[in-house]
Amino acid sequence: MSVNRCVYLLSRVQRRISALTPRATGALPESRVCHVSGSSLLSKRHQAVSTVSSRSVSSNSSSPKPPDTSLFVPLAVKTDASADGSVGAELTQPLDKNELLKVLNRFYKRKEMQKLAADHGLDARLFHQAFISFRKYVLEMTSLTADLHIILNDVCCGAGHIDDLYPYFMRHAKQIFPMLDCMDDLRKISDLRVPANWYPEARAIQRKVIFHAGPTNSGKTYQAIQRLLAAKSGVYCGPLKLLAHEIFEKSNEAGVSCDLVTGEERTFMDSEGRAAGHVACTIEMCSVTTPYEVAVIDEIQMIRDLSRGWAWTRALLGLCAEEIHVCGEPAAINFVRELMYSTGEEVEVHTYQRLTPFSILDQAVESLDNLRPGDCIVCFSKNDIYSISRQIEARGQECAVIYGSLPPGTKLSQAKKFNDPDDPCKILVATDAIGMGLNLSIKRIIFNSLVKPNVNEKGEKQLDTISTSQALQIAGRAGRFSSKFKEGEVTTMHRDDLPVLKEILSHTVEPIETAGLHPTADQIEMFAYHLPDATLSNLIDIFVSLSRVDGLYFVCNIDDFKFLADMIQHIPLNLRSRYVFCTAPINKKQPFVCTSFLKFARQFSRDEPLTFDWVCRHVSWPLAAPKNIKDLVHLEAVHDVLDLYLWLSYRFMDMFPDTALVREIQQELDDIIQQGVRNITRLIRATDTTTTDRLQTQSNKSTSSSFTAGNRGQRGAKGGSGQMTDSSLAGRLVRDGLLTPDLLRQLQREWSKDKQQELTNQSALDTGSHSNNKGNRKKKKK
């Protein structure tokens with residue numbers, strides 16, 4: 001190497017060492033760390049602005065909470081040779097790996113280094129992970145950067161202090177944990193304490209907020225809708241597609257031109273597609289930039305919903321309407337008032353009383369034999385619906401069936417069947433899906449159970465007794481105004497549940513105290529700018545971990561979003577498209593829907609349009625009528641897949657081009673499902689027959705093996721094992737909903753009778769055969 005080059009490299013190394021070496025106190029100025037990490041001028045400027053902003057925010061609030069460092073995923077460090085080549089070794093000498101290991105371990109045990117690292121964001125967990133990575137980097141790299149090589153050599157030779165490694169360790173730590181270098185920026189982006197400021201168009205006008213408060217069947221929504229129809233322009237925001245459809249139809253029937261906007265559908269009354277003055281939409285689809293004279297937000301109590309509450313918060317704070325009419329439970333009045341204080345808007349309250357009374361009966365139904373016309377049995381499990389509807393049919397009565405996963409058309413068809421006075425169907429079996437969006441002529445609500453599966457604040461599934469709000473929402477469907485029943489009744493199926501129901505309904509609804517929030521696509525994109533190598537799921541986790549909310553808000557559950565993000569993480573998509581895909585409203589419990597979602601994303605990533613023919617091949621269209629419950633469930637899943645296509649088609653129109661054709665086959669599928677639900681008891685019987693055949697075969701095999709084992713003098717363990725297998729299978733079928741405990745006991749009695757009959761027949765057959773053999777022998781003797 002030439003002398004000039006040696007001098008040049010030596011001076012370069014000295015400059016880098018002087019920039020990295022800490023002061024006498026051992027503290028490392030943050031600005032110097034940023035310089036070492038190679039931050040661009042833009043990043044420095046952005047960080048400086050962020051630091052000032054963060055200080056101004058912090059001065060008005062408590063100190064930010066420490067981040068959950070378990071969410072920080074270390075990045076891999078490239079192990080290719082550095083630009084300096086082997087300059088460090090040429091200027092000093094090759095490093096002894098054994099000595100290096102001793103030096104590094106001494107550094108790790110230095111309490112002063114751990115404390116200094118903690119001051120720069122490395123807690124014990126991150127410090128350990130960073131050290132393991134740094135040690136691996138130092139020991140496995142074929143050539144280190146010259147400055148690091150020289151410092152390590154000096155420490156090994158006793159010419160340097162062990163603490164001199166700290167700047168290089170921190171440089172490495174910020175390479176594998178890039179969030180450490182931009183924590184102030186990340187905290188600022190995830191600051192959710194003043195969501196009212198997210199909507200400048202709404203803050204630019206002084207809105208009038210009118211709260212229509214009352215129980216179900218009190219006319220509160222009717223009054224708000226009347227004001228909506230009288231306005232020059234307006235928007236209705238409801239929790240369900242059925243409710244949006246209902247307002248859409250009523251408005252147009254009243255001569256007020258109204259469009260329909262849901263996640264899967266856009267219907268414009270103007271033939272040329274121009275927007276009407278009024279629009280009925282699901283609440284997630286409302287525009288917060290379009291000006292209206294009147295806006296109606298229905299079911300405001302759902303603002304505290306753990307998954308969807310953010311949509312009500314967004315509508316309440318962001319709608320650009322001169323009048324905001326809010327409808328819901330009185331329990332939300334004080335909270336809405338408090339929320340509006342942050343926007344400087346006052347709330348005018350109108351209270352309503354129930355139009356028709358309902359009473360809690362003193363007796364439970366106890367038996368399906370005691371059902372009467374106008375009864376509605378409410379279940380919180382689809383399997384219970386199958387079982388009860390089958391038992392009602394066995395008693396010679398027809399029943400309508402409504403549950404959440406049915407298509408809207410099928411729900412309306414079943415509701416119409418139940419409401420029709422000329423139809424022989426007088427009983428309804430439903431889940432709490434009837435709590436909103438359907439006008440039903442119910443005399444008596446019967447709770448089959450008071451326990452419902454739900455998801456708690458931590459995202460954990462649990463079984464819990466229904467709340468007073470849920471019970472009132474369902475019970476209020478009895479004796480609805482304008483139905484033929486002028487008074488409603490409420491009771492339970494089982495005697496033990498009745499006092500529990502009375503206690504639940506005796507309580508007042510707990511006042512609402514918090515509203516939901518959700519990170520926006522823009523916020524996540526800003527996060528990704530600082531953490532370009534993090535997965536979307538990890539970005540969301542870190543966002544929630546760092547987010548700050550005041551006492552009025554909470555961050556909604558994002559488990560479903562993360563589930564979809566993890567599912568398509570391996571598919572190459574830009575961040576905005578990935579975010580949109582992950583907000584798709586799909587049922588993750590349906591394997592076919594999840595598989596379809598994955599295929600949609602993969603086809604989209606290839607920049608290949610999802611055509612009508614492609615969809616038909618995927619869902620195996622045309623589809624036959626269901627022969628059993630399993631077929632019906634699959635058809636419901638296919639309907640959800642077509643819904644997913646339509647939902648995506650309004651976000652990526654060029655990639656999902658055949659909306660009209662898909663909607664046509666979806667309507668055909670809806671008709672097929674409607675026919676299946678009308679014959680649901682036949683499907684259940686077909687399912688039960690198949691199950692019985694399988695159980696009978698399993699029982700025969702078990703009995704046969706047990707009998708053989710007994711004849712061979714084997715121990716009873718094998719026979720017991722066979723019985724355990726049979727019991728396990730029955731248990732699985734009960735858990736899967738293919739059998740109920742009552743049906744299982746009935747099948748066991750039938751098997752016993754069949755077995756006795758088989759033994760009797762076999763005995764008679766053996767007797768006849770023995771007689772014939774004796775006769776044949778006599779003939780031979782003759």
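Predicted model: local features only at pLDDT ≥ 70, side-chain atom pairs only at ≥ 80, totals over all residues.
By buried I mean under 20% relative accessible area, with exposed being over 50% and partly exposed in between, using a 1.4 Å probe and protein chains only. Strands here are DSSP runs of E with at least two residues, helices are runs of H or I with at least four residues, and both are numbered from the N terminus.

Residues are numbered from 1 along each chain as its sequence is written, and side-chain values use heavy atoms, with hydrogens and water left out.

Which strands pair with S2? S2 pairs in the parallel sense with strand S5, residues 278-282, over five bridges, and also in the parallel sense with strand S6, residues 291-297, over four bridges; pairing requires that DSSP finds at least two bridges between two strands.

Let me turn to the salt bridges, of which the structure holds 31, each being a side-chain nitrogen of Lys or Arg within 4 Å of a carboxyl oxygen of Asp or Glu. One of them joins lysine 208 and glutamate 348, at 3.8 Å from N to O, and this pair links distant parts of the chain, with lysine 208 in strand S1 (residues 208-213) and glutamate 348 in strand S8 (residues 347-351), 140 residues apart. Lysine 208 is partly exposed, with a relative accessible area of 41%, and glutamate 348 is partly exposed at 34%. Another salt bridge is formed by aspartate 522 and arginine 576, whose closest N and O atoms are 2.7 Å apart; aspartate 522 sits in helix H20 (residues 521-530) and arginine 576 in helix H23 (residues 575-582), 54 residues apart.

Next comes a pair of helices, H25 (residues 612-619) and H26 (residues 629-649), which pack at an angle of about 155 degrees with their axes 11 Å apart. The axes are lines fitted to C-alpha atoms, for helices over the stretch in contact, and angles run from 0 to 180 degrees between N-to-C directions. H25 and H26 are therefore roughly antiparallel to each other, a label used for angles over 145 degrees, whereas under 35 counts as roughly parallel, 65 to 115 as roughly perpendicular and the rest as oblique. Val615, His618 and Val619 in H25 meet Val638, Val641, Leu642 and Tyr645 in H26, where contact means heavy atoms within 4.5 Å.

Finally, there is an open sheet of six strands in the order S9-S16-S13-S10-S12-S11, with parallel pairing. Its edge strands are S9 (358-360) and S11 (399-402), each of which pairs on one side only, and the twist averages 20 degrees from one strand to the next. Within this sheet, four bridges join S13 (residues 444-447) to S16 (residues 488-492).
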